[in-house]
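Biologist: I am new to this model and would like to go through its helix packing and its cores. Could we look at it together?

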Amino acid sequence: MTNMDRARLIVGVSGASGVAYGLRTLDACRELGVESHLILSKAAALTIAQETDLSLAQVQARADVVHKVGDVGASVASGSYPTLGMIVAPCSVRTMSEVATGVTSSLLTRAADVTLKERRPLVLMVRETPLHLGHLRTMVKLAEMGAVIAPPLPAFYARPASLEEMVDQSVGRALDLFGLAWRPVKRWGQDVGPLQGED
């Protein structure tokens, strides 16, 4: 299989808390044989330093292709470049709002806009709470435009034993939206379910 034959996924990481979601998405792509195209916002670099012990170079090394956030002429800025779609993990309110307006100022939001116009899946793992009415209206607008709002919420039925398992479950469920089945996901009726004899 050549590089042109490989499935590609754009992975955007914005400056919201929860950079672990983006890191594990990159790991999942590698395990699944999917070519990952990473775009890090400037604020994401700060979050990486705050939330991990990894250098920026170590994070970038997890991706197959790294695009500079200011390179609006990159391959993923064009609809003619085939991808499975794009996930923004985590997605800040600023990034979400910029995508909703269609007025894009970086490759991160330009690639998201292209994903929408090409009718490819755009999954936004929005990290904010509580949400005010403006946030909610922006989410409705994005959903009407075709985006999927997928906040990374814990699935307690999977009985996670660690924070890492909670992250993996959220990432795996987001990848399901691209038709990608990742091994760590615990599924109702297979790995987990009601105990025998429960009402």
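Biologist: Is the crossing of α4 and α6 left-handed or right-handed?

Modeller: The crossing of α4 and α6 is left-handed, a term used when the near helix is turned anticlockwise from the far one by less than a right angle, with right-handed used if clockwise. This is a predicted model, in which local features need pLDDT of at least 70 and side-chain atom pairs count only at pLDDT 80 or more, while totals for chains, interfaces and linings use all residues. Residues are numbered from 1 along each chain as its sequence is written, and side-chain values use heavy atoms, with hydrogens and water left out.

Biologist: At what angle do α4 and α6 cross?

Modeller: Helix α4 (residues 93–101) and helix α6 (residues 133–145) cross at roughly 50°, and their axes come within 9 Å. α4 and α6 are therefore oblique to each other. Angles under 35 degrees count as roughly parallel, over 145 as roughly antiparallel, 65 to 115 as roughly perpendicular and the rest as oblique.

Biologist: Which residues in α4 and α6 meet?

Modeller: V93, M96, S97, V99, A100 and T101 in α4 meet H135, T138, M139, K141, L142 and M145 in α6. By class, this contact (heavy atoms within 4.5 Å) has 7 nonpolar, 4 polar and 1 charged residues.

Biologist: Is V99 buried or exposed?

Modeller: V99 is buried, as its relative accessible area is 1%; buried means under 20%, exposed over 50%, and partly exposed in between, with a 1.4 Å probe and protein chains only. Beyond its neighbours within four places in sequence, V99 is in contact with T109, A112, L116, L122, L142 and M145.

Biologist: Changing topic, what about the largest nonpolar core? Which members touch the most others?

Modeller: Among its 28 residues, L9, V11, L38, I87 and L175 touch the most other members. Such a core is a set of buried Ala, Val, Leu, Ile, Met, Phe, Trp, Tyr and Cys residues joined through side-chain atoms within 4.5 Å.

Biologist: Which element gives the most to this core?

Modeller: α1 gives the most, with 6 residues. There is also a second, separate core of 25 residues, which includes Y81, M96, L116 and A147.

Biologist: And how do α1 and α7 pack?

Modeller: α1 and α7 pack at an angle of about 60°, with axes 9 Å apart, and α1 passes α7 in a right-handed crossing. Among the residues that meet are A20, Y21 and R24 in α1, and V167 and D168 in α7.

Definitions and conventions: Helix = DSSP H or I, 4+ residues; strand = E, 2+ residues; numbered from the N terminus. Axes fitted to C-alpha atoms, helices over the stretch in contact; angles between N-to-C directions. Nonpolar A, V, L, I, M, F, W, Y, C, P; charged D, E, K, R; others polar.
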